Structures are given as C-alpha cells and as structure tokens.
Amino acid sequence: MFLPIGDDNRDRTRTPYVNYLFIIINILVFVFFQGMSGDSSFTFAYATVPGEILSGQDIVTDAKTFQDAVTGQRFVMPGLAITSKMK
C-alpha cells in the first residue's frame with residue numbers, strides 16, 4: 001500500500017489568488033461572527049463537542065468564574081449552551 005507523504009509542485013507557475021481570497025473571506029466571517037472576539041457565549045454554543053456528536057444531544061454546562069493567580073483578575077468562562085437550529 002502506498003501512502004503519499006508529500007507532493008511536488010515545482011512546475012506550478014500561477015499564484016492561487018482565488019484560494020487566498022477564500023481564506024481571507026473565511027477569516028473575516030469567523031471574526032465577524034465572533035464579535036471581534038467578544039462573544040464567548042457564541043463560541044461555546046457552536047463549539048464542536050465530541051460528546052454531543054456521539055450522543056446527538058446538546059450538552060449544557062454552567063458558567064464558571066476563575067481568578068488569575070498572578071493578577072488576581074476574575075473572569076467568567078461561559079458554559080456550553082444549547083445550539084440553536086439554523087433554518
């Protein structure tokens with residue numbers, strides 16, 4: 001059995017501008033839906049959780065408050081939430 005480890009693209013002469021465009025669009029959409037990284041509850045609601053995939057049910061957990069040992073600053077980590085069904 002042959003398992004490819006790499007490929008040889010030395011003969012490619014064109015730059016893949018369309019691929020680069022799709023990558024940039026994906027990054028911008030991700031940042032937009034993240035609310036410029038301020039919407040952690042969105043992230044935890046739509047995160048891929050293996051237990052949810054295996055069971056087919058949403059896992060809901062409570063939010064937890066943590067305190068940084070160095071600065072003493074407290075922050076809240078949101079729990080997993082119910083994933084709303086997109087239509």
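**Overall form and local features of the predicted model**

Of the 87 residues in the protein, 9% are buried, where buried means under 20% relative accessible area, exposed over 50%, and partly exposed in between (1.4 Å probe, protein chains only). The structure is a predicted model, in which local features need pLDDT of at least 70 and side-chain atom pairs count only at pLDDT 80 or more, whereas totals for chains, interfaces and linings use all residues. Residues are numbered from 1 along each chain as its sequence is written, and side-chain values use heavy atoms, with hydrogens and water left out.

The radius of gyration of the protein is 20 Å, while a compact globule of 87 residues would have a value near 12 Å; the radius is taken over C-alpha atoms, and the globule rule is 2.2 Å times the number of residues to the power 0.38. Along the principal axes, the C-alpha atoms fill a box of roughly 55 × 35 × 35 Å. Among contacts (heavy atoms within 4.5 Å) between residues at least 6 apart in sequence, 33% join residues at least 24 apart.

The secondary structure comprises three helices and two strands, arranged from the N terminus as α-α-α-β-β; helices (H or I, at least four residues) and strands (E, at least two) are DSSP runs, numbered from the N terminus. Strand β1, residues 64-67, and strand β2, residues 74-77, pair in the antiparallel sense over four bridges, pairing being assigned if DSSP finds at least two bridges between two strands. Within this arrangement, T65 has V76 in β2 as its bridge partner, and F66 is bridged to F75 of β2. In a regular strand the side chains alternate between the two faces of the sheet. The hairpin of β1 and β2 has six residues between the strands, and G72 in this hairpin takes a positive phi near 80°.

Helix α1 spans residues 17-33 and includes V18, a residue that is exposed at a relative accessible area of 52%. V18 also contributes to a nonpolar surface patch of about 710 Å², made together with L21, F22, I25, V29, F32 and F33. Patches are made of residues with over 30% relative accessible area and no salt bridge, like charges being joined within 9 Å and nonpolar side chains (Val, Leu, Ile, Met, Phe, Trp, Tyr) within 5 Å.

One salt bridge is counted in the model, under the criterion of a side-chain nitrogen of Lys or Arg within 4 Å of a carboxyl oxygen of Asp or Glu. The pair consists of R10 and D8, with the closest N and O atoms 2.8 Å apart. Side chains of opposite charge can pair when their charged atoms come close. R10 is exposed, with a relative accessible area of 73%, whereas D8 is partly exposed at 47%.

Two further residues, N9 and D11, lie in the segment before α1. N9 is partly exposed at 45% relative accessibility, and its C-alpha atom is separated by 43 Å from that of S84, which lies 75 residues apart from N9 along the chain. D11 is exposed, with a relative accessible area of 66%, and the C-alpha atoms of D11 and G51, 40 residues apart along the chain, are separated by 45 Å. Helix α3, residues 50-55, contains P50, for which the relative accessible area is 57%, so that P50 counts as exposed. Between the C-alpha atoms of P50 and V18 the separation is 33 Å, the two residues being 32 apart along the chain.

How values were computed. Accessible areas come from the Shrake-Rupley method with a 1.4 Å probe; for residues, only the protein chains shown count as cover.
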